[in-house]
Amino acid sequence: MEKPTLVVNISDMKISDNPDDHIVTYSLGSCLGVTVYDTALKIGAMIHCLLPDSSIGKGKPDFNPAMYVDSGLTTLFRELIERGSNKKNWQIKAAGCGDPASALTEHFNIGNRNFIMLKKILWTNGLILHGKLVGGNRPKTLFLDIKNGTTIVKMGNDIVTL
């Protein structure tokens, strides 16, 4: 794995068409990490969403669409399209949505709800999930190589290519 050049924080997203870039997000527990890669234009994007539903945050002065799966993915898709990307060329992959040993995440089932919202957004937009590593209780690190779209998930010493 190459050294990351762009870091996606919690409730953040990045888009790049620089073939030298490597995007990463760390510590995906119940959060959802999604990569979108346009195989024709070689544009890649990553988002790290904390919660599934933006209805609890809309209207607030500090509203951040990337915090939520529904508004974050919609924003990410729109920005890719504005850059000339076509969704028929997208490879979409996901990681996270786990159930870390936390009474709060277990009680609210955030990881599962994040994944359900992802599937709903993809279905609504006629999109396919091409790879995933979701669930479990181990934190995940998600990598995207802009040069070729390779998406890797790291959990401790385990490395999985999606």
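**Note on aromatic pairs and an open sheet**

1. The count of aromatic pairs comes to two, where rings of Phe, Tyr and Trp (its six-membered ring) pair if their centres lie within 6.5 Å. This is a predicted model, in which local features need pLDDT of at least 70 and side-chain atom pairs count only at pLDDT 80 or more, while totals for chains, interfaces and linings use all residues. Residues are numbered from 1 along each chain as its sequence is written, and side-chain values use heavy atoms, with hydrogens and water left out.

2. Phe-63 and Tyr-68 have ring centres 5.8 Å apart and planes at 10 degrees, so this pair is stacked (planes under 30 degrees apart are stacked, over 60 edge-to-face, the rest tilted). Tyr-68 is buried at 6% relative accessibility, whereas Phe-63 is partly exposed at 29% (buried is under 20% relative accessible area, exposed over 50%, partly exposed in between, with a 1.4 Å probe and protein chains only).

3. Phe-77 and Trp-90 have ring centres 5.2 Å apart and planes at 40 degrees, so this pair is tilted. Phe-77 lies in helix α1 (residues 69–82) and Trp-90 in strand β6 (residues 90–96), so the pair ties together parts 13 residues apart in sequence. Helices (H or I, at least four residues) and strands (E, at least two) are DSSP runs, numbered from the N terminus. Both Phe-77 and Trp-90 are buried.

4. An open sheet of five strands runs in the order β1-β3-β8-β9-β10, with mixed pairing (two strands pair if DSSP finds at least two bridges between them). β1 (6–7) and β10 (158–161) are the edge strands, each pairing on one side only.

5. β9 (residues 151–155) pairs with β10 in the antiparallel sense over four bridges. Lys-154 has Ile-159 in β10 as its bridge partner.
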